[in-house]
Amino acid sequence: MASKLVDEKTGRYLPVLYPEEKPFWDAAKERRLVLQRCKSCGKSWYPIGPACPHCFATDFEWSQMSGRGKIHNYVIYHKAWTPWFEKRVPYAVVQVELDEGPRLTTNLLDCPVSEVKIGTPVEVAYEDITDEITLVQFRRAAG
Ligand SMILES: [Zn+2]
């Protein structure tokens, strides 16, 4: 799977699509969040890797997550490290802890940085950024 570092049209940085992560990216295009789940201890994990970080077993399956969680931590960026970010600062990068346990570093869509709070319930959202790439993002949970 080929991938470029920067989108030529928008100047936005793109994730590198590693072959072992293909099920994650394929599912994101279908508006599903899947992570690896250990067949030995039953726990899921992220970042994607070859072995369970809980018990070190290497036998896993791709399992659909609920898409629900809460903000575990966040940081507000005030500096635009690339031109694409110049119109976007300040912006938040949040760490979401899924109900299933794994934590994803992501963005919180449609939320002013002044309203980003630890513990806020969130739900998964998807953002198509190229024909090939859909990002897994989050929004504050409805209700
Ligand atoms: Zn395990």
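First, the ground rules. This is a predicted model, so local features need pLDDT of at least 70 and side-chain atom pairs count only at pLDDT 80 or more, while totals for chains, interfaces and linings use all residues. Residues are numbered from 1 along each chain as its sequence is written, and side-chain values use heavy atoms, with hydrogens and water left out.

Now the pocket. A pocket here is an open set of points on a 1 Å grid over the protein atoms alone, where a 1.4 Å probe fits, with protein on both sides within 12 Å along at least five of seven lines. Lining residues have an atom within 4 Å of a point.

There are 30 of those lining residues, and Arg12, Thr106, Asn107, Leu135 and Gln137 are the closest to the pocket centre. By type, the lining has 22 nonpolar, four polar and four charged residues. Nonpolar means Ala, Val, Leu, Ile, Met, Phe, Trp, Tyr, Cys and Pro; charged means Asp, Glu, Lys and Arg; the others, Gly among them, are polar.

Which elements supply at least two lining residues each? Helix H1 (22–29) and strands E5 (91–98), E6 (103–107) and E8 (134–140) do. E6 gives the most, with four. Helices (H or I, at least four residues) and strands (E, at least two) are DSSP runs, numbered from the N terminus.

Next, the prolines. Tyr46 and Pro47 are joined by a cis peptide bond, omega about 5°. Pro47 sits in the loop between strands E2 (44–45) and E3 (60–64). Val89 to Pro90 is also cis, with omega near -5°. Pro90 is in the loop between strand E4 (68–77) and E5.

Two residues other than glycine have positive phi. Arg31 has phi near 60°, in the loop between H1 and strand E1 (34–38). Asp110 has phi near 55°, in the loop between E6 and strand E7 (121–128). Arg31 or Asp110: partly exposed or exposed? Arg31 counts as partly exposed because its relative accessibility is 40%. Asp110, at 59%, counts as exposed. The cut-offs are under 20% for buried, over 50% for exposed, and partly exposed in between (1.4 Å probe, protein chains only).
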